[in-house]
Amino acid sequence: MPEPVIDLRSDTVTRPTPEMRRAMFEAEVGDDVYREDPTVNTLEERTAAVLGKEAALFVPTGTMGNTIAIKCLTRPGQEVICEARGHLLNYELSMTAWFSNCLIRSIQTTDGILTWPMIEREVRPLGPHAAETGCIEIENTHNMAGGTVYAQEVIDEICDRAHERGIPVHMDGARVFNAAAAAGRPASQICAKVDTVMCCLSKALGAPAGSMLAGPKNLIDQGRLYRKRLGGGMRQAGILAAAGLIALERMPLRLHEDHLNARLLASGLAAIPGILVEPEIPATNIVIFDVSATGKSSQEISAALKARGVLINGINATSMRAVTHYDVDRRGCETALAALGEAVAA
Ligand code: TLP
């Protein structure tokens, strides 16, 4: 029997648990475009409660959730403020431009975390040369900065100051439950002041597909129409929502295990000559490391790892990303570290 592959490319690779598969089999379903799917309706109600918002919408992907949020919060010709390594800017096929007709004004940071003073400098009123700021987007946890977490005061200050100027704030909370686990506070508190929040059920929480967009009822009602326009009216989606409910209510309780495994990976990686881990101690489940001083490219290391049954991708020629999740346990992380040591030395 070949050894199972240790897949650390992303937490999107998690497969549904046996409990999720059972719930999917037994799910009560209806046509969700008519709002007649009881399981989707329950998932939307419970998500709104968990995130402390009036309403929530089940969407097929995080990208669609962000796309709908930005569309609801902006008008064509405005700007969206976003951190330079943000998912919205770099990994969503320019949906902000394509669907909302807005430009992104990016701000570079060292740790992915925007603060109000950084944002304030970039906020623009409408003028003869400038397009006005339509909304501010923050990513919590910040994926490509290494799963970093916003301090509560920073989020609250951004929201308070932005709202004084009439600017709404969207949180890309694809991994907001990782942020909640790391901060030791409920997700509802983390996103209490943001106008809208998107969270993914299909990443660290293990659902096979699906994300949620939560916010005020009027925006979510409008978002439901944009979801249909984008082709996201999924009919008997209760099959997926049944797994989503388990993802939402049970899976957050175990995320600290992934965070411990990420720390184990980070400290093991730091001991391999030529590897630099940044940040040194990951706050959540994402480990970003630089391999330039190994004399090998990310692609070469990736290929050498694959030959040893370990999957880790490069972000670019010199940086790589390993993401922990429930399908890889501590032993799997130790095996991955041994393979990395060999791949670098080979
Ligand atoms: N992230 C994926 C890739 O697209 C990079 C990953 O492997 O991490 N926001 C954030 C912060 C994300 O990390 C992702 C997915 C999304 C949005 C989009 O979610 P999906 O893939 O469901 O569209």
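Here is a chat about the predicted model shown above.

Biologist: Hi! What should I know before I look?

Modeller: This is a predicted model, where local features need pLDDT of at least 70, side-chain atom pairs count only at pLDDT 80 or more, and totals for chains, interfaces and linings use all residues. Residues are numbered from 1 along each chain as its sequence is written, and side-chain values use heavy atoms, with hydrogens and water left out.

Biologist: Thanks! Which domains does the chain have?

Modeller: Domain 1 covers 6–13 + 254–345, and domain 2 covers 18–251. Those bounds come from an automatic or database domain assignment. Taken over C-alpha atoms, the domain centres are 27 Å apart.

Biologist: How many residues does each domain give to the contact?

Modeller: Domain 1 gives 16 residues and domain 2 gives 21, with contact meaning heavy atoms within 4.5 Å.

Biologist: And what area is buried between domain 1 and domain 2?

Modeller: About 1,500 Å², with 58% of it from carbon and sulfur atoms. Buried area is the accessible area (1.4 Å probe) that two parts lose on being put together, summed over both.

Biologist: How many salt bridges cross that interface?

Modeller: The rule finds one between domain 1 and domain 2. It asks for a side-chain nitrogen of Lys or Arg within 4 Å of a carboxyl oxygen of Asp or Glu. The side chains of R175 and D11 form a salt bridge, at 2.8 Å from N to O.

Biologist: New topic: what is the strand order in the open sheet?

Modeller: The seven strands run β2-β8-β7-β6-β5-β3-β4, with mixed pairing. Strands here are DSSP runs (E, at least two residues) and helices are too (H or I, at least four), numbered from the N terminus. Two strands pair if DSSP finds at least two bridges between them.

Biologist: Why is one side of β2 and of β4 left without a neighbour in the sheet?

Modeller: Because β2 (55–59) and β4 (103–107) stand at the edges, each with a single partner strand.

Biologist: How do β7 and β8 pair?

Modeller: They are antiparallel, with four bridges between β7 (residues 196–200) and β8 (residues 211–215). C199 sits opposite M212 of β8.
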